[in-house]
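Take a look at the structure below.

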Amino acid sequence: MNTNKDDTGNIIYLDHAATTFTDPKVLETMMPYFTENFGNPSSPYDMANVSKEAVDSARQQVATAINADTDEIYFTGGGTESDNWAIKGIAFANRKKGNHLITSSIEHHAVLHTCQWLEKQGFEVTYLPVDKYGQVRTEDVKKAIRDDTILISVMLANNEIGTIQPIPQIGRIAREKNIYFHTDAVQGIGQVPVDVEALNVDLLSLSSHKFYGPKGVGALYIKKGTRLDNHSHGGAQEKKKRAGTENVPGIVGMGAAIEQATSQLEEHAAHMKKLRAQLVEGLLLIPATHLAGHPEKRLPNNVNVIFEYIEGESILLMLNSYSIAASTGSACTSASLEPSHVLIACGFPHEVAHGSLRLTLGKENTEEDVDYLLQTLEPIIRRLRAMSPMTPKEQRE
């Protein structure tokens, strides 16, 4: 029934947007760089050269995966760092040109909180609305542009509802106006094609642990000629833009993971879409249930549904008792009692948005996993609604 296992036994893991496991083949590639090949890439001797060559090789793997040049890839500590660097770096390096930024109202908090911090530093930010499916309208982008706009940042695909944004079109608008364009593509690798040329982006953020690589390592694509402040100062690592000894095992793992993810993309996406269709069909049989996000223009592994009259946290606790791991939204804000800012932006009322459940599939999930989830979830929803004072009489048992 279940192929997702950890030390506690069998578990149905349906939270791959939060993190994936490190693929065994990826881990095997990493292991020598914890032990015999542990040299610092910046040192002058042969053992260090082994590490340096490994970092160079991984940089090539990342560049190839997104159709970039190797000298446009900068390794970071993850997606949040990449987002922060891209936005703050552009803002401060181009402040003489302007102090206005544009982003969307449904970005990951790594982008939203960075923009909010910049507002305290004197920058101005426009937060674009989205339609009911969580998609940015290109006409709104055009209307928001000012003479002093220096950056547009819109995510490739939303981490909560899976909606894919019209990034190539927004990129063309930015190019015509000579405005830098950044996209948070953390959820995209291994799910949809990610090509920096086709997307028309100047900066693009990645995070290894979203595509079966290790945690604590990511990358930022910076198009040649982009004016960007350094991330940190110190040594000469990452072409003097991000000082600090490289996380060699993590970088090696990211290279191996992104190569594997992109080479298997079509097969993986087809498998995900099949399971997603099965999952959506079963979930929507439950009364007063709504699919959040675009019905078609969404990540193949993402399903976000809203159950009226009940709380998502209660659903998660009960699913956990049946060894099912899921989420109500972003893992980065799972401790918050506030409803999802993404669902609110899509027009769902606060009391309805509280009943969200995000299910994100992975490569080891099976049809049997989906069947088990559906069989388990339906009575949980009935039980919770029977206890909820918000539930109409006709919805109670």
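What follows is a short walk through salt bridges in this predicted model.

Start with the general idea. Side chains of opposite charge can pair when their charged atoms come close. Across the whole structure, a search finds 14 salt bridges.

Which residue does Lys363 meet in a salt bridge? The partner is Asp23, with 2.7 Å from N to O. Find Lys363 in the loop between β14 (356–360) and α13 (367–387). Asp23 sits in the loop between β3 (12–13) and α1 (24–30). Now check their surroundings. Asp23 has a relative accessible area of 8%, under the 20% cut-off, so Asp23 counts as buried. Lys363 is partly exposed, at 25%.

Next, turn to helix α2 (residues 46–66), which holds both Lys52 and Asp56. These residues are four apart, about one turn of the helix. They form a salt bridge, and their closest N and O atoms are 3.2 Å apart. Lys52 is partly exposed, with a relative accessible area of 40%. Asp56 is partly exposed too, at 36%.

Another salt bridge joins Lys274 and Glu367, with 3.2 Å between the closest N and O atoms. Lys274 belongs to helix α9 (residues 265–283) and Glu367 to helix α13, so this pair links parts that are 93 residues apart in sequence. Lys274 has a relative accessible area of 52%, over the 50% cut-off, so Lys274 counts as exposed. Glu367 is partly exposed, at 36%.

Finally, look for a network. Salt bridges link Asp69, Asp71 and Lys224.

How values were computed
Residues are numbered from 1 along each chain as its sequence is written. This is a predicted model: local features need pLDDT of at least 70, side-chain atom pairs count only at pLDDT 80 or more; totals for chains, interfaces and linings use all residues. Side-chain values use heavy atoms; hydrogens and water are left out. A salt bridge is a side-chain nitrogen of Lys or Arg within 4 Å of a carboxyl oxygen of Asp or Glu. Helices (H or I, at least four residues) and strands (E, at least two) are DSSP runs, numbered from the N terminus. Buried means under 20% relative accessible area, exposed over 50%, partly exposed in between (1.4 Å probe, protein chains only).
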